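This briefing goes through a single protein chain topic by topic. Please keep the sequence and the 3D view open while reading.

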Amino acid sequence: MKNRIFALWIAGLAAVPVAAAAQDETPASELFKLELNAAAETGNGNCRLTYVAENNSGTALDRTEYEVAIFDGEGVVTRLLVLKFGALIDGKTRVLQFELPGAACSDISRIVINDSSACIDAETGNEADVCMSALSASSRTAIQFGI
């Protein structure tokens, strides 16, 4: 009986590190987040988009760029453009604004991330895959934003 209790106690201790490690793992959807946080008209009728980028991927990025498609209210793509987010340090949140000349926010129904134009690992200088593989996109505006 003593050997059985001891074996159960040992098995319980062996399971503790595994459970702790599982709690420390960040879900893939939380590794690299882009949020369309605000969309506001400027004085000259352009739409100013505010994005919040959060990099928790474990990879510091030297250069980050996304090709996006802008859709009008009827679902027609009106533009393809590249948003340059620049360096995104691991563990840091960055807020950026982009102004779309000649586009009112009310004329934009949706923004789709087509692809990553650049995702350069700051340590190696090589292309990294986290910019698309670990990306989650969301919007706090009336404009849909996603992959």
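Predicted model: local features only at pLDDT ≥ 70, side-chain atom pairs only at ≥ 80, totals over all residues.

Is Gly73 buried or exposed? With a relative accessible area of 66%, Gly73 is exposed.

**Overall make-up**

- The protein has 2 helices and 8 strands.
- Read from the N terminus, its elements follow the order α-β-β-β-β-β-β-α-β-β.
- Buried residues account for 35% of the 147 residues of the protein.
- If contacts between residues at least 6 apart in sequence are taken, 67% of them join residues at least 24 apart.

**Nonpolar core**

- The largest nonpolar core holds 31 residues, and the members that touch the most others are Tyr51, Tyr66, Phe85 and Ile111.
- At least two residues of this core come from each of β1 (32-41), β2 (47-55), β3 (61-71), β4 (77-84), β5 (92-100), β6 (110-121) and α2 (130-133).
- Tyr51 is buried, its relative accessible area being 0%.
- Beyond four places away in sequence, the residues that Tyr51 touches include Glu35, Leu36 and Asn37, and also among them are Leu83, Phe85, Arg94, Val95 and Leu96.

**Aromatic rings**

- The count of aromatic pairs comes to 5.
- One of them is Tyr51 with Phe85: the ring centres are 5.7 Å apart and the planes stand at 80°, so the pair is edge-to-face.
- This pair links distant parts of the chain, since Tyr51 is in strand β2 and Phe85 in the loop between β4 and β5, 34 residues apart.
- Tyr51, Tyr66, Phe85, Phe98 and Phe145 are linked into a cluster by ring pairs.
- A charge also sits over a ring: the charged end of Arg110 is 4.1 Å from the centre of the ring of Phe71.

**Disulfides**

- The protein has 2 disulfides, and with bonded cysteines counted along the chain, they follow the pattern 1-2, 3-4.
- Cys47 and Cys105 form a disulfide in which the sulfur atoms are 2.0 Å apart.
- The angle about the S-S bond of Cys47 and Cys105 is 100°, and the link is right-handed.
- Cys47 counts as buried at 0% relative accessibility, and Cys105 counts as buried at 10%.
- The sulfur atoms of Cys119 and Cys131 are 2.0 Å apart, and these two residues form a disulfide.
- The link of Cys119 and Cys131 is right-handed, with 80° about the S-S bond.
- Cys119 lies in strand β6 and Cys131 in helix α2, and the pair links distant parts of the chain, 12 residues apart.
- Cys119 is buried with a relative accessible area of 1%, and Cys131 is buried with a relative accessible area of 1%.

**Loop residue Gly73**

- Gly73 is found in the loop between β3 and β4.
- Its relative accessible area of 66% is over the 50% above which a residue counts as exposed.
- Neighbours within four places in sequence left aside, Gly73 is in contact with Asp107 and Ser109.
- Between the C-alpha atoms of Gly73 and Arg110 the separation is 8.0 Å, while the two residues are 37 residues apart along the chain.
- Arg110 is also the residue whose charged end sits over the ring of Phe71.

**Loop residue Thr42**

- Thr42 is in the loop between β1 and β2.
- Buried or exposed, which applies to Thr42? At 12% relative accessibility, Thr42 counts as buried, because the cut-off for buried is under 20%.
- A polar contact of 2.4 Å joins the side chain of Thr42 to the side chain of Asn44.
- Not counting residues up to four places away in sequence, Thr42 touches Arg48 and Glu99.

Technical notes. Residues numbered from 1 in each chain as written. Heavy atoms only, no water. Core = buried A, V, L, I, M, F, W, Y, C linked by side-chain atoms within 4.5 Å. Buried < 20%, exposed > 50% of the residue type's maximum accessible area, 1.4 Å probe, protein only. Helix = DSSP H or I, 4+ residues; strand = E, 2+ residues; numbered from the N terminus. Contact = heavy atoms within 4.5 Å. Phe/Tyr/Trp six-rings, centres within 6.5 Å; stacked < 30°, edge-to-face > 60°. Lys NZ or Arg CZ within 6 Å of the ring centre and 35° of its normal. Disulfide = S-S within 2.5 Å. Polar contact = N/O pair within 3.5 Å; in protein donor to acceptor, adjacent residues only side chain to side chain.
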